[in-house]
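Thanks, everyone. I'll go through the overall fold, then one residue.

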Amino acid sequence: MPTSCFAIMHDRGVLRLTGPDARPFLQGLISNDIDLLAEGRPLYAALLTPQGRCLFDFILYLQGEAILLEGERDRLPSLSQRLSMYRLRAKVAIEDLGHELAVLAAFGPGSEGLAGTAEAVAAVDPRRAELGVRVLLPPAAVAGFVADHGLQPAPLEAYDRLRIALGVPDGSRDLVPERALLLESGFEELHGVSFTKGCFVGQELTARTKHRGLVKKRLLPVRLAGPLPAPGTPVTRNGRDAGEMRSGVAGLALALLRLDQLRDSAAPLLAGETELTPVPPP
C-alpha cells in the first residue's frame with residue numbers, strides 16, 4: 001500500500017486492571033511473562049483452561065499504573081467474570097471500559113512511526129511487526145488522530161488479508177474456545193507464551209507439548225482455489241481427515257492442518273469443493 005492505512009476494530013474492546021496486585025495476579029494466570037510488559041511494549045497472551053486449552057487471547061498494554069487488556073468485545077464480560085473467579089483476596093480491580101476506547105489497526109508503509117505518540121496508547125503489534133501499530137484512544141479523538149497523521153481508511157478485509165497471510169489468529173474465530181492449543185496456533189512464533197516464567201493456568205500441558213514434540217497440527221494460511229469455505233468445514237486429503245477451516249477472506253484463509261497429511265503432496269487438500277494450498281508465513 002502506498003500510504004499508511006487504518007481500520008477501526010469494532011469487534012475489539014478493553015478491560016482496565018488496576019491495583020497493587022494487578023501484575024502478580026496476571027502473572028499466575030496468563031501464558032506470557034507479565035514482567036516483559038512496559039510502556040510502549042505490549043504483550044500478547046492467552047488465558048487457558050487447567051487442561052491447557054485456549055479460552056481467551058488478548059493484548060496487554062501498560063498505561064501509567066494501569067494495565068489495559070484488549071480482547072474480543074463480545075467476550076469481555078465472560079473474560080472479566082473468569083478473571084474475577086481467580087481474584088480471591090488479590091488487590092486488583094477489573095473494569096470494562098465499554099465504548100470509552102476505540103481500537104485501531106494502523107498498517108502499511110510508515111505506520112511504525114505512530115508508535116509512542118503522546119495522544120494515544122500506540123505500540124507496534126507484539127505478535128508480528130508487519131501487522132503495524134495498535135492504537136487505543138477515545139472514539140471522539142479518532143477523526144483528529146487519523147487526519148493529523150495522514151492515515152487513509154481501509155476496509156477491514158484489507159487488514160484481515162494481512163493478518164491471515166502472516167498466520168495470526170483472530171480470537172475465537174480461529175482459536176476455538178476450550179479446543180485450541182497454543183503451540184498448534186502459532187503462539188510461540190507470535191511471542192504469546194513463555195517457557196521460563198514459571199507456573200500459569202494450563203502450563204503443564206503447554207510445556208509437555210513443547211518439550212516432547214507433541215505438536216501434531218498447525219494453524220496455517222492457505223490459498224483457495226474455489227469459494228471460501230465456512231469456518232469449521234472439514235479439510236480432507238484422499239478422503240482422510242486433514243484438518244479444519246478457520247477464518248478467511250476471498251482467496252485466502254487460515255486452516256488448522258494435520259502435519260502428517262501435509263507431507264503427502266500427491267493429492268490435493270480439499271475443503272468441500274475448494275482446493276487448498278498451504279502458504280507458510282514468512
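**Overall fold and one arginine**

Start with the contacts: counting pairs in the protein at least 6 apart in sequence, 70% of the contacts join residues at least 24 apart. Keep in mind that this is a predicted model.

On secondary structure, the protein has 6 helices and 16 strands. Its radius of gyration is 19 Å, close to the 19 Å from the globule rule for 282 residues, so the protein is as compact as a globular protein of that length. Along the principal axes, the C-alpha atoms fill a box of roughly 55 × 45 × 30 Å.

Next, the surface. How much of the protein counts as buried? Of its 282 residues, 50% do.

Now the single residue. Arg218 sits in strand β11, which covers residues 217-225. Which residues does Arg218 touch, leaving aside neighbours within four places in sequence? The list is Leu183, Glu184, Gly186, Glu189, Ala255, Leu256, Leu257 and Leu259.

Take two of those partners. Leu183 is 35 residues from Arg218 along the chain, and their C-alpha atoms are separated by 7.8 Å. With Glu189, the contact is polar: the side chains of Arg218 and Glu189 pair at 3.4 Å. The cut-off for a polar contact is 3.5 Å between N or O atoms.

That's the end of my part.

Methods: Residues are numbered from 1 along each chain as its sequence is written. This is a predicted model: local features need pLDDT of at least 70, side-chain atom pairs count only at pLDDT 80 or more; totals for chains, interfaces and linings use all residues. Side-chain values use heavy atoms; hydrogens and water are left out. Helices (H or I, at least four residues) and strands (E, at least two) are DSSP runs, numbered from the N terminus. Contact means heavy atoms within 4.5 Å. A polar contact is a pair of N or O atoms within 3.5 Å; within protein, one must be able to donate a hydrogen and the other to accept it, and residues adjacent in sequence count only if both atoms are side-chain atoms. The radius of gyration is taken over C-alpha atoms; the globule rule is 2.2 Å times the number of residues to the power 0.38. Buried means under 20% relative accessible area, exposed over 50%, partly exposed in between (1.4 Å probe, protein chains only).
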